[in-house]
2 protein chains.
Amino acid sequence: MLTARSERVREARTLRRRATREKRGLFLAEGPQAVREAIARPDLLIEVFATPEAASQHADQLDASPAPVRLADASALASLSETVTPQGLVAVCHLLTVSLSEALGSTPRLVAVLVDAQDPGNAGTVIRCADAAGADAVILADDSVDPHGGKCVRATAGSLFHLPIVTGVDAGEVVGVLRQEGLTVLAGDGGAESDLDEAADTGLLTGPTAWLFGNEARGLPDDVVKAADRAVRVPIHGRAESLNLATAAAICLYASARAHRR
Amino acid sequence: MLTARSERVREARTLRRRATREKRGLFLAEGPQAVREAIARPDLLIEVFATPEAASQHADQLDASPAPVRLADASALASLSETVTPQGLVAVCHLLTVSLSEALGSTPRLVAVLVDAQDPGNAGTVIRCADAAGADAVILADDSVDPHGGKCVRATAGSLFHLPIVTGVDAGEVVGVLRQEGLTVLAGDGGAESDLDEAADTGLLTGPTAWLFGNEARGLPDDVVKAADRAVRVPIHGRAESLNLATAAAICLYASARAHRR
């Protein structure tokens with residue numbers, strides 16, 4: 001039985017740091033949902049750590065693992081976990097990110113772009129929501145948070161494994177490429193003149209669309225808004241000053257999904 | 001200058017516990033945004049604690065306070081705070097909740113009901129989003145989290161002060177009252193046959209509507225779904241298993257807001 005001091009566990013633990021994840025090209029996928037997704041990807045999975053309790057509880061799932069399942073004690077699993085109540089299951093996987101051209105390979109209809117998104121919970125929720133809305137890819141541009149961090153992985157609820165994710169790209173470049181690919185690029189911007197209802201009513205959402213969403217506090221940089229085809233705000237009918245990033249993105253992505261399917 | 005050990009600060013600190021908030025009928029509103037809302041409500045505000053730095057940074061705002069502003073050191077403010085990086089401003093206010101009949105007083109058109117919602121961040125985000133969508137009230141039914149807790153107050157971003165909030169009511173009773181008031185009661189339920197697009201297309205959303213949203217893990221209880229006029233799911237177009245509570249609620253509430261304004 002491995003412990004928190006075992007060499008393998010210590011090596012895995014270094015993946016809690018972004019720099020190490022990038023250097024080694026690996027990350028930790030925590031919890032039964034993420035581990036189930038990881039086990040379905042023999043091309044990505046390196047190994048699984050499980051407490052004896054979790055291993056017996058999820059035996060069916062772990063029996064199907066194409067990579068070694070290593071039993072470790074609760075303190076070892078806790079040392080790999082970023083949650084307050086670790087669930088006893090962590091997979092080590094290759095990073096999921098792909099290049100921009102791979103992500104946009106097959107005539108995308110709906111793409112979500114986060115520009116300088118800093119909150120991992122928000123970023124993960126947007127990835128989950130983009131997946132639900134049927135988006136073809138999610139792009140994390142400029143200084144956005146790493147989608148392979150523990151909090152973000154957890155917030156995606158498995159969706160990190162469902163659609164192509166791009167990181168390490170410049171927002172300005174991304175806008176250029178998306179427009180070249182024939183997508184209408186819309187900047188989600190609380191200060192925009194046009195609102196989402198107008199966009200839906202005038203047919204702006206019917207074609208292939210990329211949505212840009214900015215930093216939680218500062219929104220999108222001016223030059224990125226200008227580079228987009230149109231800035232669009234979610235209408236605020238009450239007295240709220242704004243919506244949070246993930247809910248605004250959810251409303252915009254679902255407006256596009258609906259327009260695409262009418 | 002007050003410190004963490006001053007009697008007033010110690011008394012205020014007891015409001016971090018739900019039982020004390022309910023007993024004393026008071027809560028802590030933390031951060032510049034919440035304190036600004038509190039200062040605009042002389043009927044609710046008891047006192048404000050501020051570090052000298054925060055007091056000078058927000059002098060204009062604090063000068064308008066109808067209640068005493070008490071200078072306290074950083075450790076005092078930290079002891080009142082539920083955030084990792086306290087912002088040096090906390091107001092003590094009367095609880096904001098109203099009775100169900102008060103909340104539904106003036107022919108409501110859009111109401112959000114959370115049933116057994118456990119995550120304060122989710123509950124706060126739904127309150128913020130309901131405010132943005134122009135909802136008339138938010139009802140936290142059954143064993144839902146206390147909206148006056150620090151994390152929830154913060155997630156509402158001020159919206160806690162903008163619309164009537166009801167707590168301590170039974171979901172079954174609420175559904176009965178809402179139907180009596182002439183609202184169509186829709187149960188947000190991932191397993192429902194009808195989806196939101198269908199609901200919008202068939203005119204189900206055009207009249208006064210109450211949306212019920214369930215617990216993050218378990219969803220709505222069966223008897224509550226049955227008591228509603230219709231169960232409606234947000235369509236999942238990709239491979240996500242579900243949406244999180246706050247994004248699903250955002251999508252539903254904005255679908256209603258749009259239907260009401262066409």
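This is a predicted model: local features need pLDDT of at least 70, side-chain atom pairs count only at pLDDT 80 or more; totals for chains, interfaces and linings use all residues.
Local features are given only at pLDDT of at least 70, and side-chain atom pairs count only at pLDDT 80 or more, while totals for chains, interfaces and linings use all residues. Residues are numbered from 1 along each chain as its sequence is written, and chains are lettered from A and ligands numbered from 1 in the order in which they are written.

The contact takes 30 residues from chain A and 30 residues from chain B. Two residues are in contact if their C-beta atoms, placed from the backbone, lie within 7 Å. On the side of chain A that touches chain B, helix 8 (120–132) and helix 13 (245–260) are the elements that give two or more residues. Helices (H or I, at least four residues) and strands (E, at least two) are DSSP runs, numbered from the N terminus. Helix 13 of chain A provides the largest share of that side, seven residues. By class, the side has 14 nonpolar, nine polar and seven charged residues. Here Ala, Val, Leu, Ile, Met, Phe, Trp, Tyr, Cys and Pro count as nonpolar, Asp, Glu, Lys and Arg as charged, and the others, Gly among them, as polar.

Helix 13 of chain A has 16 residues. From first C-alpha to last it reaches 23 Å, close to the 22 Å expected at 1.5 Å a residue. The expected span is 1.5 Å times one less than the number of residues. Of the 16 residues of this helix, 14 are buried, so it is largely enclosed by the rest of the structure. A residue is buried if 20 or more other C-beta atoms lie within 10 Å of its own, exposed if 12 or fewer, and partly exposed in between, with C-beta atoms placed from the backbone.

In chain A, seven strands form an open sheet with parallel pairing, in the order 7-6-5-10-8-11-9. Strands pair if DSSP finds at least two bridges between them. Strand 7 and strand 9 (194–195) of chain A are the edge strands, each pairing on one side only. Strand 8 (residues 184–188) and strand 10 (residues 209–213) of chain A pair in the parallel sense over four bridges. A:Leu186 has A:Trp211 of strand 10 as its bridge partner.

Chain B also has an open sheet of seven strands, in the order 7-6-5-10-8-11-9 with parallel pairing. Its strand 5 (residues 110–115) pairs with strand 6 (residues 137–141) over five bridges. Strand 1 (residues 26–30) of chain B instead runs antiparallel to strand 4 (residues 89–94), joined by five bridges. B:Phe27 stands opposite B:Cys93 in strand 4. B:Leu26, B:Leu28 and B:Glu30 point one way from strand 1, B:Phe27 and B:Ala29 the other, and all are buried.

A:Thr107 lies in the loop between helix 7 (100–103) and strand 5 (110–115). A:Thr107 counts as exposed, with 10 C-beta neighbours inside 10 Å. A:Ala157 is in the loop between helix 9 (150–156) and strand 7 (165–169). A:Ala157 is buried, with 23 other C-beta atoms within 10 Å.
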